[in-house]
Amino acid sequence: MLNASYRRRGSGVPGVATLLFAFAIGCGALYAQKPTVAPKTFGDDYVGSDMCQVCHEDNYNNVTHTNAHRVIETDPRYGFQGHVCEACHGPGAKHASTGDIAFIRFPSKLSAAETDKMCLNCHLNQPTHAGRIQSTHAKNAVSCPSCHKMHVDGGKLLVARKNEDVNRLCESCHANVKAQFEMPFRHRIPENAMKCVDCHNPHGTVRPTMVQTFAASEPGCLQCHGDKRGPFTFEHAPVKFDGCTACHEQHGSANPRMLIRPNVRQVCLECHANMPAAVPGESLAMGVVPPAIHNLNSPIYQNCTVCHQKLHGSYVDRFLIK
Ligand code: HEC
Ligand code: HEC
Ligand code: HEC
Ligand code: HEC
Ligand code: HEC
Ligand code: HEC
Ligand code: HEC
Ligand code: HEC
Ligand code: HEC
Ligand code: HEC
């Protein structure tokens with residue numbers, strides 16, 4: 001029924017996505033715990049946070065007071081009690097006695113992968129995706145501190161949560177996407193009525209393009225547009241198989257309803273038309289061809305959704321009319 005060309009924008013075999021997701025849930029359950037490492041005994045190469053405070057008062061104050069990592073300084077479960085600075089910066093005795101930066105671990109001197117390791121030492125295998133580095137960001141050398149500022153503003157920028165903070169962070173690198181949200185029909189990102197992470201997980205997901213998932217591995221769109229979810233008695237195949245972006249621009253569009261074409265008819269006829277193919281006698285139709293009653297020259301039949309109102313799926317009508 002669905003040939004290869006029809007599935008051109010498909011997002012992979014659903015079965016595989018489901019399996020992957022089940023696996024991810026399994027891992028999540030196994031490791032559903034706060035980030036910890038094994039208790040540590042400190043050799044001579046370690047010096048303790050009090051010593052760092054002597055020369056780095058500001059960093060010391062924000063890490064031990066405002067930053068979420070302050071628990072490491074006091075709670076033995078994290079393995080670095082009294083050594084919070086060295087949990088990330090590595091053993092610091094030599095640096096502390098000389099003030100020489102050659103002897104201290106610092107992100108700008110490390111590769112992105114090494115920097116990620118600095119964090120994943122504790123954040124590996126967390127219940128959220130944060131501890132798994134199969135994201136496009138990790139693969140493109142966008143390391144954790146590019147988005148998580150440790151000491152800036154007293155540690156308040158450690159993690160962006162407010163809509164406007166997240167959007168500004170993402171837009172700082174994705175200027176082209178920012179422009180897509182300036183189209184006439186769009187999601188309300190510029191007003192900060194929603195945020196990029198409503199639809200994306202910057203740490204990666206089981207779906208392509210780091211798109212958020214909803215209830216198992218379904219597209220995150222359904223979290224807000226639940227009426228399009230079904231299951232319907234009569235599904236419209238592309239909604240389930242291609243996903244919403246078969247017909248909609250996800251960010252913004254010049255066309256009403258954020259459609260990929262200026263009017264509805266063009267969207268439908270892209271699949272439901274009896275176009276002749278290169279092979280004589282074969283047709284390019286990807287869905288079924290509208291029956292003969294459809295006189296496409298007549299204005300009555302041009303506005304498909306006047307009749308096919310339930311084009312996202314219907315509970316009662318095979319032809320998606322009601
Ligand atoms: C005797 C003073 C002194 C002590 C103690 C000290 N530092 Fe430093 N640290 C410095 C100086 C000086 C610099 C260079 C600052 C600059 O260039 O602005 C520096 C720079 C750094 C940097 C930045 C490295 C870079 O490449 O730019 C880090 C990270 C750092 N220190 C961490 C620590 C940690 C962690 C401790 C405790 C284990 C510590 N420091 C203890 C003096 C000290
Ligand atoms: C959770 C990991 C982590 C901990 C804990 C941590 N740092 Fe940092 N530190 C970083 C990262 C990452 C940077 C790079 C800049 C950034 O992201 O803010 C950095 C940068 C620095 C710098 C360079 C100058 C600056 O302010 O950016 C100094 C100095 C420093 N840290 C000292 C300390 C001291 C002292 C402590 C303990 C009180 C400490 N750090 C605890 C991760 C950490
Ligand atoms: C020694 C272990 C350890 C290391 C290394 C570490 N973290 Fe953490 N991180 C923690 C703990 C513990 C918490 C607090 C968890 C909690 O409160 O549930 C935390 C919390 C966080 C949070 C969440 C803050 C919030 O408000 O939800 C972020 C973001 C974070 N860390 C990023 C990083 C980054 C980026 C690095 C590397 C530069 C890093 N961490 C290195 C242990 C660590
Ligand atoms: C492209 C930006 C970006 C990168 C790279 C990134 N993060 Fe995040 N991270 C975020 C944002 C934004 C949030 C807040 C997500 C939310 O509120 O839904 C977050 C949240 C978190 C949290 C809080 C728990 C959670 O899932 O909400 C932790 C812990 C964390 N990140 C750790 C990491 C670690 C470790 C790395 C590196 C392996 C990393 N992050 C890389 C943007 C990023
Ligand atoms: C420090 C720069 C930087 C920041 C900040 C950043 N990104 Fe990215 N992002 C990249 C790079 C580099 C790529 C890979 C190249 C590309 O596709 O443009 C990428 C790719 C992506 C992709 C495409 C994924 C794919 O598989 O094709 C998405 C989606 C994305 N980022 C979302 C976000 C979101 C959401 C945020 C904010 C939480 C964010 N980015 C913040 C640099 C950044
Ligand atoms: C309404 C949900 C939604 C919102 C909000 C959203 N995205 Fe996306 N984005 C998607 C979907 C879905 C795709 C995948 C489209 C596809 O592959 O068919 C995507 C693709 C992308 C891509 C890769 C392709 C491209 O267009 O360059 C990047 C990068 C990206 N988004 C970044 C962002 C950033 C940055 C923000 C916030 C400013 C954001 N997105 C907000 C749903 C969303
Ligand atoms: C966080 C909630 C949320 C998510 C997730 C979300 N949307 Fe939306 N969407 C909205 C809201 C709210 C509006 C109405 C915007 C307005 O009033 O301007 C909207 C509007 C739309 C419209 C235009 C409706 C119209 O009447 O013109 C389309 C089409 C749409 N979304 C498709 C999608 C697709 C496709 C996805 C997934 C890629 C998605 N949405 C994800 C909240 C969401
Ligand atoms: C086969 C093409 C197609 C697919 C796939 C599709 N849509 Fe639509 N959608 C349309 C068309 C066409 C309209 C405009 C209907 C009209 O104007 O009468 C529309 C309208 C909408 C609207 C606004 C009007 C309403 O009914 O609420 C939303 C929201 C929406 N779609 C969300 C989604 C979501 C979410 C998905 C994925 C689950 C999706 N669409 C998949 C073609 C599609
Ligand atoms: C991406 C390709 C695609 C687009 C775009 C598309 N369709 Fe479909 N449509 C299909 C496929 C595939 C089927 C299932 C055909 C089958 O069951 O053999 C289908 C089924 C249908 C059916 C039910 C036919 C039946 O016999 O069960 C109707 C009615 C329909 N589409 C109308 C529309 C309308 C109206 C639009 C425009 C809003 C549209 N379609 C857009 C691919 C598409
Ligand atoms: C005036 C109402 C009306 C309009 C407008 C309309 N249709 Fe239909 N369509 C129907 C009816 C009624 C049927 C069921 C025909 C039947 O019972 O055989 C149908 C059936 C279909 C089928 C299913 C054919 C099959 O054999 O399974 C497709 C595909 C279809 N229409 C596509 C379209 C497209 C594309 C448009 C816009 C160009 C459109 N329709 C406009 C009333 C309409």
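Because the model is predicted, local features are described only at pLDDT of at least 70 and side-chain atom pairs only at pLDDT 80 or more, while totals for chains, interfaces and linings use all residues. Residues are numbered from 1 along each chain as its sequence is written, and chains are lettered from A and ligands numbered from 1 in the order in which they are written.

The predictor's confidence in each residue is given by pLDDT, from 0 to 100. The protein averages a pLDDT of 84, and 84% of the residues score at least 70. Over residues 1–33, pLDDT stays under 50, and the model has 32 contacts for this stretch beyond four places in sequence; two residues are in contact if their C-beta atoms, placed from the backbone, lie within 7 Å. Where pLDDT is low, the predicted coordinates should not be read in detail.

The secondary structure comes to 17 helices and four strands. Helices (H or I, at least four residues) and strands (E, at least two) are DSSP runs, numbered from the N terminus. Of the contacts with a separation of 6 or more, 55% are made by residues 24 or more positions apart. Among the 322 residues of the protein, 19% count as buried. Here a residue is buried if 20 or more other C-beta atoms lie within 10 Å of its own, exposed if 12 or fewer, and partly exposed in between, with C-beta atoms placed from the backbone.

In soluble globular proteins, nonpolar side chains tend to be buried together. Within this region, Cys85 touches Ser49, Cys52, Val63 and Gly92, leaving aside residues up to four places away in sequence. Helix α3 has Tyr60, Asn62 and Val63 buried, and the buried residues of α3 pack against α2 (49–55), α4 (70–74) and α5.

Attention now turns to the ligands. A residue is taken as near a molecule if its C-beta atom, placed from the backbone, lies within 6 Å of it. Around ligand 5 there are 18 residues, of which Thr136, Asn140, Cys170, Cys173 and Cys196 come nearest. At least two residues of this shell are supplied by each of α8 (136–139), α9 (144–147), α10 (163–173) and α12 (196–199), and α10 has the largest share, five residues. By class the shell has ten nonpolar, eight polar and no charged residues; Ala, Val, Leu, Ile, Met, Phe, Trp, Tyr, Cys and Pro count as nonpolar, Asp, Glu, Lys and Arg as charged, and the others, Gly among them, as polar. Ligand 5 lies between domain 1 (49–155) and domain 2 (161–223), because both give residues to its shell. The domain bounds come from an automatic or database domain assignment.

Ligand 7 has 17 residues around it, and Asp198, Cys221, Cys224, Cys244 and Gln250 come nearest. The elements giving two or more residues to this shell are α12 and α13 (221–224), with the largest share, three residues, from α13. Eight nonpolar, six polar and three charged residues make up the shell around ligand 7. Since domain 2 (161–223) and domain 3 (230–307) both contribute to the shell, ligand 7 lies between them.

The peptide bond from Gly230 to Pro231 is cis, with omega near 5 degrees, and Pro231 is found in the loop between α13 and α14. Thr209, in the loop between α12 and β2 (213–214), has a positive phi near 60 degrees although it is not glycine. Thr209 counts as exposed because 11 other C-beta atoms lie within 10 Å. Met258, also a residue other than glycine, has a positive phi near 55 degrees and is found in the loop between β4 (252–253) and α15. Met258 is buried, because 20 other C-beta atoms lie within 10 Å.
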